[in-house]
Amino acid sequence: MSLIEVNQVRKVFETTVRRKGRFGTLTSLFRPEKREVVAVEEISFSIEKGESVAYLGPNGAGKSTTIKMLTGILEPSGGSIHVAGLLPHKNRKQSSYQIGVVFGQRSQLLFDLPVKDSFDLLRYMYSITWERYHHNLREFSEILEVGHLLDRPVRTLSLGQRMRCEILAALLHDPEILFLDEPTIGLDVVAKERIRAFIEKINREKGVTLLLTTHDMNDIERLCHRTMIIDKGKLIYDGSLQYIKDNFATERQIRAAYLDAVSAKAVAEVFAHWEGIKVHTDELVVRITYDQTRVDTSELLKLLLDRANPRDLTMQDESVDALISRIYREGMDGNPKQQQRIAKEAIAQ
Ligand SMILES: Nc1ncnc2c1ncn2[C@@H]1O[C@H](COP(=O)(O)OP(=O)(O)OP(=O)(O)O)[C@@H](O)[C@H]1O
């Protein structure tokens, strides 16, 4: 059995709809109208020990709901979940020993007390031996550089400092699995990088299995070898980010800079009416954006160089950010030519 096994899992929330108007409010009070929200719809996947997996999806796709079910906070409406051989919602206490959880937008630290007090409380809750506790605290606080923060009340910490303490708190009891829900949200570039480096280290050196949700593509590129995409409660992709890049990144941009505006204009005119090509000129710079599946790069370059010699020439493929946003908008059929291959790969992996 895999470390995490999710089989045909659904989660349906029942919400109450408020009717409009004065009478509506009264009627809602006595005869509430119920509506079902399907947050997760029959998803299945398994994760092996030591994997680091990104769980992506647009807002409201069902990521947090999935994590809450995996951690036992929510009970699935259907299907089955096994985490480290346990049913999380039925064996919440037992399974909490195997997992650590970091919610970027919520804290497990006691706000008015010194950081160390929350760690002491966790030691007690998880029955961590003093030896192990001191060892982990020393090791993690050194790498995360939080030693000087331990006596400070949590409410006085910056977001970056607090997140480092949150991650330490989640790992004190040596969990096998770490769930991270937006661990770098709101952090500056340096703080993000510090957290990424630490997460990468515990995955590589301690073999902690990672499942993380994020809207930051740098998190995934740096940390995850596997990407799952959920949309409207359904798993639409399970495979590598590289595969998506190789098969979906159809857009490419050539930026050519010229010594004079006349040359730039002349080059722009060549491509102005080409189908599948967008041209943008900014005085000395021409940006040509095109679909690689429809336009031959070498032909395009030949024409471009024939017209005028650029001072500088760069080529850039669609960024991962732009690519994933496109998949959120258009689904996995954004590139019809590849659609069948992608689906096959997603199923086979
Ligand atoms: N307790 C709840 N009661 C009713 N509906 C809920 C509840 N929790 C989540 N939902 C709904 O379930 C769907 C999935 O929500 P979820 O929070 O899992 O999305 P998400 O992918 O984590 O989004 P985000 O990126 O914005 O955090 C949404 O439509 C949300 O409104």
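In this predicted model, the shell around the ligand draws at least two residues from each of three elements: strand β1 (4-17), strand β2 (33-47) and helix α2 (63-70). The largest contribution comes from α2, which gives 3 residues to the shell. The residues surrounding the ligand are Phe13, Thr15, Val37, Ala39, Gly57, Asn59, Gly60, Ala61, Gly62, Lys63, Ser64 and Thr65. Sorted by class, this shell holds 7 polar, 4 nonpolar and 1 charged residues.

The protein is divided into two domains, with domain 1 covering 49-245 and domain 2 covering 251-317. Their C-alpha centres are separated by 45 Å.

Two packed helices are described by the angle between their axes and the distance between the axes.

| Helix pair | Residues | Axis distance | Angle |
|---|---|---|---|
| α6 and α7 | 159-171 and 189-206 | within 10 Å | roughly 15° |
| α10 and α11 | 261-271 and 297-307 | within 9 Å | roughly 145° |
| α9 and α12 | 241-248 and 320-330 | 11 Å | about 85° |

Helices α6 and α7 cross at roughly 15°. Angles under 35 degrees count as roughly parallel, and α6 is therefore roughly parallel to α7. The crossing of these two helices is right-handed. On the α6 side, the contact is made by Gly160, Met163, Arg164, Ile167 and Leu171, while α7 contributes Ala191, Ile195, Phe198 and Ile202. By class, the contact of α6 with α7 consists of 7 nonpolar, 1 polar and 1 charged residues.

For α10 and α11, the axes cross at roughly 145°, and this crossing is likewise right-handed. Ala266, Val267 and Val270 of α10 meet Leu303, Leu304 and Arg307 of α11. The contact between α10 and α11 comprises 5 nonpolar and 1 charged residues, with no polar residues.

Helices α9 and α12 pack at an angle of about 85°. Because angles of 65 to 115 degrees count as roughly perpendicular, α9 is roughly perpendicular to α12. Here Leu241, Ile244, Lys245 and Phe248 in α9 meet Val320, Leu323 and Ile327 in α12. The class count for the contact of α9 with α12 is 6 nonpolar, no polar and 1 charged residues.

In summary, polar residues number 7 in the shell around the ligand, whereas nonpolar residues number 7 in the contact of α6 with α7, 5 in that of α10 with α11 and 6 in that of α9 with α12.

Methods. Residues numbered from 1 in each chain as written. Predicted model: local features only at pLDDT ≥ 70, side-chain atom pairs only at ≥ 80, totals over all residues. Axes fitted to C-alpha atoms, helices over the stretch in contact; angles between N-to-C directions. Helix = DSSP H or I, 4+ residues; strand = E, 2+ residues; numbered from the N terminus. Parallel < 35°, antiparallel > 145°, perpendicular 65-115°, else oblique. Left-handed = near helix turned anticlockwise from the far one by under 90°. Contact = placed C-beta atoms within 7 Å. Nonpolar A, V, L, I, M, F, W, Y, C, P; charged D, E, K, R; others polar. Near = placed C-beta within 6 Å. Domains from an automatic or database assignment.
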